[in-house]
Amino acid sequence: MFVSNWKIGRVLGIPIHVHASWFAVFFFVTWSLATGYLPETLPGLSESRYWGMGGISSLLMFLSVLLHELGHSYVALHYRIPISQITLFIFGGMAHMGKEPPNPRAEFLIALAGPLVSLLLGVGCLGGAMAVDALFSGLGLQGFVVLGGLLGMVNVQLGLFNLIPGFPLDGGRALRAGLWAWNKDFNRATSQAALTGIGFGVALGVIGAVVLAGAWSGVLGHSIAANGGWLILIGAFLFSAALSSKRQAAMRSSLAAVTVRQVMVHPVVTVPPDMAVQDAVDQYFVAHGFGGFPVCEEGQVVGVVTVGDVQAIATALWPWRRVRDIMCPVPQAFCIPPDWSVMQAMERMAHGGWDRLVVVEDGAIVGLITRSAIAQFLQLHQSEA
Ligand SMILES: [Zn+2]
């Protein structure tokens with residue numbers, strides 16, 4: 001299998017991953033510093049020195065992006081939001097949060113923590129570079145001054161760019177927090193904030209295209225063409241991320257209004273745990289054509305058996321093994337009441353890693369809700385809308 005993601009360590013208990021696309025950025029930044037920026041600002045050094053300094057600067061920029069994400073993560077962990085990993089990729093970094101923030105205040109603080117870290121680092125580096133320049137001029141520390149200045153500018157830009165109020169950028173998240181506090185509807189706030197993300201995505205793309213056209217026609221310098229291309233890429237990325245957030249919000253709000261009872265399938269066919277696998281195949285899987293069945297004993301759900309469980313053992317063993325031996329045991333959380341919303345059911349499925357849940361009312365099984373039934377329901381109702 002092609003691996004595109006490498007784990008490089010762990011900070012605050014969070015695994016840090018680097019995506020393959022990050023290496024492209026690393027080499028591009030190192031190359032452009034070593035062959036352009038550094039020889040211009042620090043003339044008279046050897047080529048290997050420029051490449052060494054370029055590499056160190058790129059690594060420190062990578063560290064800056066990581067610290068920005070750790071800023072978000074630190075506040076998120078404070079609100080008990082699990083962070084599964086931090087990924088560094090071509091457009092920067094991303095902290096993968098296990099769930100949505102519990103309230104607008106939490107979302108606001110998590111969103112602003114990253115840019116705050118970047119701006120503080122930026123101001124610190126710029127201040128440090130200026131102090132070294134003023135106090136120790138003539139001591140041959142010009143390299144540190146240039147590096148500090150460069151890193152300071154990068155961090156300030158990182159902080160300011162992320163404050164653009166287009167969701168899902170940090171500024172857009174802060175905006176969503178405000179809209180969420182204002183209209184008390186998380187999905188509606190997401191949808192509105194995503195609109196600004198779409199708008200900023202288009203605007204960045206247009207600005208990038210103008211810059212590119214200017215560079216081509218000779219009005220602007222040729223060296224600025226790469227910036228135009230970069231703006232178009234970032235604009236496209238923001239546009240597509242905002243659009244998918246908007247679609248997801250629309251889906252979530254329609255699923256929040258539908259109850260499990262409306263979507264569940266019934267009556268439910270259950271399998272007894274002491275039946276031979278061969279009999280279960282003949283009498284249930286083949287006869288009904290379903291992908292899986294709850295296993296019930298004295299009215300209680302004790303497990304679930306799927307086609308995959310059956311296929312995992314050799315056909316010759318089917319008459320000799322019982323359903324109980326191959327089923328997946330399930331906890332109480334596998335059963336939900338019919339008046340839950342479909343959204344709640346989906347969250348429960350995601351949390352437990354299941355693709356179906358049993359619906360129980362007054363101690364009796366009344367239905368089964370599956371991912372495929374929800375997908376089918378959505379498809380039917382989207383065409384209505
Ligand atoms: Zn951020």
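Two strands are taken as paired if DSSP finds at least two bridges between them, and strands (E, at least two residues) and helices (H or I, at least four) are DSSP runs numbered from the N terminus. I number residues from 1 along each chain as its sequence is written. This is a predicted model, in which local features need pLDDT of at least 70 and side-chain atom pairs count only at pLDDT 80 or more, while totals for chains, interfaces and linings use all residues.

Entry: I looked up an open sheet of 4 strands and found the order 1-2-3-4, with mixed pairing. Its edge strands, each pairing on one side only, are strand 1 (5-11) and strand 4 (92-97). On average, neighbouring strands are turned by 25° against each other, direction ignored; for such angles, axes are lines fitted to C-alpha atoms (for helices over the stretch in contact), and angles run from 0 to 180 degrees between N-to-C directions. Strand 1 pairs with strand 2 (residues 14-19) in the antiparallel sense over 6 bridges, and I noted Asn5 opposite His19 in strand 2.

**Entry: helices on the sheet.** Helix 1 (residues 20-41) touches strand 2 and strand 3 (83-89), and its direction makes about 65° with that of strand 2. Helix 2 (residues 47-78) touches strand 1, strand 2, strand 3 and strand 4, and its direction makes about 20° with that of strand 4. Just after helix 2, I found Arg80 with a positive phi of about 60°.

**Entry: helix lengths.** The expected span is 1.5 Å times one less than the number of residues. The 32 residues of helix 2 should therefore span 46 Å, which agrees with the 47 Å between its end C-alpha atoms. Helix 7 (residues 225-256), with 32 residues, reaches 47 Å from its first C-alpha to its last, close to the expected 46 Å.

**Entry: burial in helix 7.** I call a residue buried if 20 or more other C-beta atoms, placed from the backbone, lie within 10 Å of its own. Among the buried residues of helix 7 are Gly228, Leu231, Phe239 and Arg252. Their cover includes helix 6 (186-217) and helix 12 (342-352).

**Entry: the hairpin.** Strand 5 (residues 292-297) and strand 6 (residues 300-306) run antiparallel, joined by 6 bridges, and I noted Glu297 opposite Gln300 in strand 6. The two strands form a hairpin with 2 residues between them, and Glu298 in the turn has a positive phi of about 50°.

**Entry: domains.** The chain is divided into domain 1 (5-163) and domain 2 (260-384), with bounds from an automatic or database domain assignment. I read 48 Å between their centres, taken over C-alpha atoms.

Notes
Contact = placed C-beta atoms within 7 Å. Buried ≥ 20, exposed ≤ 12 C-beta atoms within 10 Å, placed from the backbone.
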